[in-house]
Amino acid sequence: MKISHPETQQYNKYPLPKISDELADLIINYPSNLKLRTNGMVFEQRAYLMSKVYDEVCQNLESKALLREAEYWLINYAREVIAKQCHYLPDILMKLDNPTVRAMAIDTLMLWQPDWNKAISQYRGSRFEAGNNEFEVISYYHNQKKKGREGIMVLCKVTKTMNNYLEFPTFPCNANCTLGTYQVENALNKRLA
């Protein structure tokens, strides 16, 4: 008689928020040097940072509306995910109507980061297309030359080359390379953590 083992339960990640088209455009079209600074952040942290910088530059009704939306999604993510992992946050999140507590809570939420090693390892073997290549996720990689969470990378192997976009580089097949967490999330259209 063969003994069958129960299948391991797949960890259900909190879904990506259904953000407005305007906030999506801001995230996609913002200058790439800011995008690089958002590496190692979860989606909501990236949206908040970009909308905050945009509001500091523009200071108009549209930029303030985008900042409020991004703040809403960040706090929502905190209530659903971060509070389960950080024991001190539920108390803070309950007092968010107070502007001082709200500012402190958002600063705390922007510093928080998930266990990237564990998150990325769950995608080992996943394939995705980006630019002129198809990649396969190998593992978590930390680039020691970069400061803090900017050094959090996804080690990938090139599995296929294409010539879809002249402006993007083409990596040789079977080469290993590192991509930022935000690049992999965008290509998979799923959150890593």
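## Overall build

Residues 24 or more positions apart supply 58% of the contacts in the protein chain with a separation of 6 or more. Keep in mind as you look around that this is a predicted model. The protein chain holds 193 residues, and 43% of them are buried. Its C-alpha trace spans about 55 × 55 × 35 Å along the principal axes.

Let's turn to the secondary structure. The protein chain has 8 helices and 4 strands.

The 4 strands make an open sheet, ordered β1-β2-β3-β4, with antiparallel pairing. In general, strands of a sheet pair through backbone hydrogen bonds, in either a parallel or an antiparallel way. At the edges of this sheet you will find β1 and β4 (176–180); each has a single partner strand, so one side of each is left without a neighbour in the sheet. On average, neighbouring strands of this sheet are turned by 50° against each other, direction ignored.

Helix α8 packs on the sheet, where it touches β1, β3 (152–161) and β4. The direction of α8 makes about 90° with that of β4.

## Strand pairs up close

Start with β1 and β2, an antiparallel pair joined by 4 bridges. Here Ala130 stands opposite Asn133 in β2. The hairpin of β1 and β2 has 2 residues between the strands, and in this hairpin Gly131 takes a positive phi near 60°.

Moving on through the sheet, β2 and β3 also run antiparallel and are joined by 9 bridges. A handy place to look is Tyr140, which stands opposite Val154 in β3.

## The largest pocket

How much space lies in the largest pocket? The volume comes to about 690 Å³. Its lining consists of 29 residues, and those nearest the centre of the pocket are Tyr182, Gln183, Glu185, Asn186 and Ala187. Two or more lining residues come from each of α1 (21–29), α3 (43–58), β1 (127–130), β2 (133–142) and α8 (181–188).

Which element gives the largest share of the lining? That is α8, with 5 residues.

## A look at Tyr54

Tyr54 sits in helix α3, one of the elements that give two or more residues to the lining of the largest pocket. Is Tyr54 buried or exposed? With a relative accessible area of 17%, Tyr54 falls under the 20% cut-off, so it counts as buried.

Who are the contact partners of Tyr54, leaving aside its neighbours within four places in sequence? They are Leu26, Tyr30, Gln59, Glu62, Ser63 and Leu66. Leu66 lies 12 residues from Tyr54 in sequence, and the two are 8.8 Å apart in space, C-alpha to C-alpha.

Notes. Residues are numbered from 1 along each chain as its sequence is written. This is a predicted model: local features need pLDDT of at least 70, side-chain atom pairs count only at pLDDT 80 or more; totals for chains, interfaces and linings use all residues. Side-chain values use heavy atoms; hydrogens and water are left out. On a 1 Å grid over the protein atoms alone, a cavity is a set of points where a 1.4 Å probe fits but cannot get out, and a pocket is an open set with protein on both sides within 12 Å along at least five of seven lines; lining residues have an atom within 4 Å of a point. Grid points are joined across faces, edges and corners, and a volume is the space filled by probe spheres set on the points. Two strands pair if DSSP finds at least two bridges between them. Axes are lines fitted to C-alpha atoms, for helices over the stretch in contact, and angles run from 0 to 180 degrees between N-to-C directions. Contact means heavy atoms within 4.5 Å. Buried means under 20% relative accessible area, exposed over 50%, partly exposed in between (1.4 Å probe, protein chains only).
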